[in-house]
Amino acid sequence: STQPSANLDQPINPAGLLPGAPGAADEGSHNGGKPIVVPPPDQPPISVDDAGLLEVHVRETPLTTVLEMLSYQSRTSIVASNAISGNISANLYGVTLTEALDAILLPNQLAYRRVGNVIFVGSAEEVAAHRAPPETRVFTLHYLGRAEAITAVSGVLSPDGVIAGEDEADQQSTGGGGDLLGEHFGDASFDRLIITDFPENLDAVGRLLDQIDERPKQVLIEATILRATLNEDNQFGIDLTLLSGVDFQNVNSFSNAAADLTTGPLRPDDFQQTTLNVNTNLIGNVPGGGFTFGIIKNDIGAFVRALEDVTDVAVIANPKLVTLNKAQAEIIVGRRDGYLTTTVTQTAAVQTVEFLETGTQIKLRPVINPNGTVRMFVQPKDSNGGLTADNLPFEETTEAHNELLVDDGNTILIGGLFRERTVSSRSQVPLVGDIPVAGALFQKHLDQTVREEVIILLTVHVLTESDAEQQEFRELLEDVERVRVGSRRGLLGIGRERLAQAFYQEALSKYEQGDLDAALLNVRLSLHNQPRQVAALRLKEKLLQQREWESDGTRVRGFLLNLLGESAPAGPAAPRGWPPAHRRLLDPVNDAPDASSSEGDEE
């Protein structure tokens, strides 16, 4: 039977059905929570209820007759094989066409398949033979990764379906295939899927890729890492030196302007007398640079030293990063220190180079939710370190590992730390150092306070590629150019760079005034100081009406240009680089140099 097509899994439209209506419901019996419909004697064996679902009531009815009635009632094109025979008895309530065909055909070892708008029913061998042969198609991926696409389409392929290069994609997704950007990005199949399967499966692959291969959104992440360290040291010490029986000058003592005292050896005659030495030496570890008081008189010396040392260090890191939705990204602004590691085995010792990465780093993976929130896996880090004298790495780090949810455009605090360490030490002369008030003369104090504060903020913005965002990005780029130009203007005026800029500015001025000879002179002076100044080279070409490379005298280039000249198009539309006979001359009026390039870009 040939009827208009219908979706096998959807309720059937009861419009245009054969005469006959369902019978009344038996309220005392239920089937899955729904009343069981008992057909009256005059109801057709197969009918469609108001919900568009089939009801089948047949007893010892030939299969071909049942299929014909299903075709009429469901208004679906069904073609049955001549090999179909046998009778069937069944009572089906509220089923779709697919469920009805499965219930009727599978117990009789029959199969069916749909080709376009027609359902073919026959034995399993006939259905397999009727199937179209496999074919190969190429699907181009625009945004979806190859490994992700293979995982997605594998579910709609037949058991015989083959994806070319599927093993390599598995290696890429697990990291076993080498550097993705370096090794596989240039692969011809990097953005393509080559699949061999039956046409209906390939059609399903195409429909699936149309749905999931969409342009991904991008996320701008701005991390702010603030780390402040305050070191405060207070040191105080008193040094008393007393010699009895001999003066300092008699023992070759010397002093640095009464700030300290160093005694020398006793004379041999002094050993015949009683000599007494009292020395506290409590300022030796107090660094210089603070307050120092000293007095020396004959055989007595007293020194006082006090120092307060305050060190305040603030580190602000503000990395910005743009990445695709669900893509892992990483940015590092810092340094890599290499060091050797040695692996010793029974047969050999192998040395490898490892790297210690320090500075400001951020690793993240954003996931954009439909409600505008962004789920983030983020790892910000700010560290410093290096290598010891033994070539061993050390690192001081501030980092956090977070999984968080943030609204688009909001700033969130993802980590903070406050730590304060106070050390108070005292050195003194035993016993006398414990005397109240006077004991301070025989003491040394060291008070140290270290305070650390760390705050990590994160701002997330989902990019919409609007004109306002593009304008903001252009302004950032212009700010970079302003910084570059300002840096160059800070150079000495007698340097080659500054001279080249000055001559180029003068050449532009003369060019605008129409004094082409003076403009050519200044542009040549500019190129003399900076031969690779692109803006000056372009201005020179406009003034001379010829390109610089066309007369460079290189034999190989001239030979190639002559060969190209034989087939070069004539007229003003000739592309750049053709020999002079076919080139387009520059118009000094219409092709005036842009004042924005007046600082002279370099190659």
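Let's start with strand 3 and strand 4. They pair in the antiparallel sense, over three bridges. Here, V48 stands opposite L54 in strand 4. Keep in mind that this is a predicted model.

Three strands form an open sheet, in the order 3-4-6, and the pairing is antiparallel. Which strands stand at the edges? Strand 3 and strand 6 do. Each has a single partner strand, so one side of each is left without a neighbour in the sheet. From one strand to the next, the twist averages 5 degrees.

Next, the helices. Helix 1 lies across strand 3, strand 4 and strand 6. It runs at about 155 degrees to strand 4. Helix 2 packs on the sheet too, touching strand 4 and strand 6. The direction of helix 2 makes about 155 degrees with that of strand 6.

How do the two helices sit against each other? Two packed helices are described by the angle between their axes and the distance between the axes. The axes of helix 1 and helix 2 come within 12 Å and cross at roughly 180 degrees. That makes helix 1 roughly antiparallel to helix 2, because an angle over 145 degrees counts as roughly antiparallel. Helix 1 brings L63, V66, L67, L70 and S74 to the contact. Helix 2 brings L97, A100, L101, I104 and L105. By type, that is nine nonpolar residues, one polar and no charged.

On to the core. In soluble globular proteins, nonpolar side chains tend to be buried together. The largest nonpolar core here has 24 residues. Which of them touch the most other members? L54, V66 and L70. Strand 3, strand 4, helix 1, strand 6, helix 2 and strand 8 each give two or more residues to this core. Apart from it lies another core, of 22 residues, including A223, A317, I456 and V460.

Back to V66. Leaving aside neighbours within four places in sequence, V66 is in contact with I46, V58, T61, I88 and I104.

Look at Y72, also in helix 1. Y72 and I46 are 26 residues apart in sequence, and 9.3 Å apart in space, C-alpha to C-alpha.

Last stop, strand 16. Five bridges join strand 12 to strand 16, and the two run antiparallel. The bridge partner of I221 is L321 in strand 16. In a regular strand the side chains alternate between the two faces of the sheet. Strand 16 has a covered face, with L321 and T323. The uncovered face has K320, V322 and L324.

Methods
Residues numbered from 1 in each chain as written. Predicted model: local features only at pLDDT ≥ 70, side-chain atom pairs only at ≥ 80, totals over all residues. Heavy atoms only, no water. Buried < 20%, exposed > 50% of the residue type's maximum accessible area, 1.4 Å probe, protein only. Helix = DSSP H or I, 4+ residues; strand = E, 2+ residues; numbered from the N terminus. Pairing = 2+ DSSP bridges. Core = buried A, V, L, I, M, F, W, Y, C linked by side-chain atoms within 4.5 Å. Contact = heavy atoms within 4.5 Å. Axes fitted to C-alpha atoms, helices over the stretch in contact; angles between N-to-C directions. Parallel < 35°, antiparallel > 145°, perpendicular 65-115°, else oblique. Nonpolar A, V, L, I, M, F, W, Y, C, P; charged D, E, K, R; others polar.
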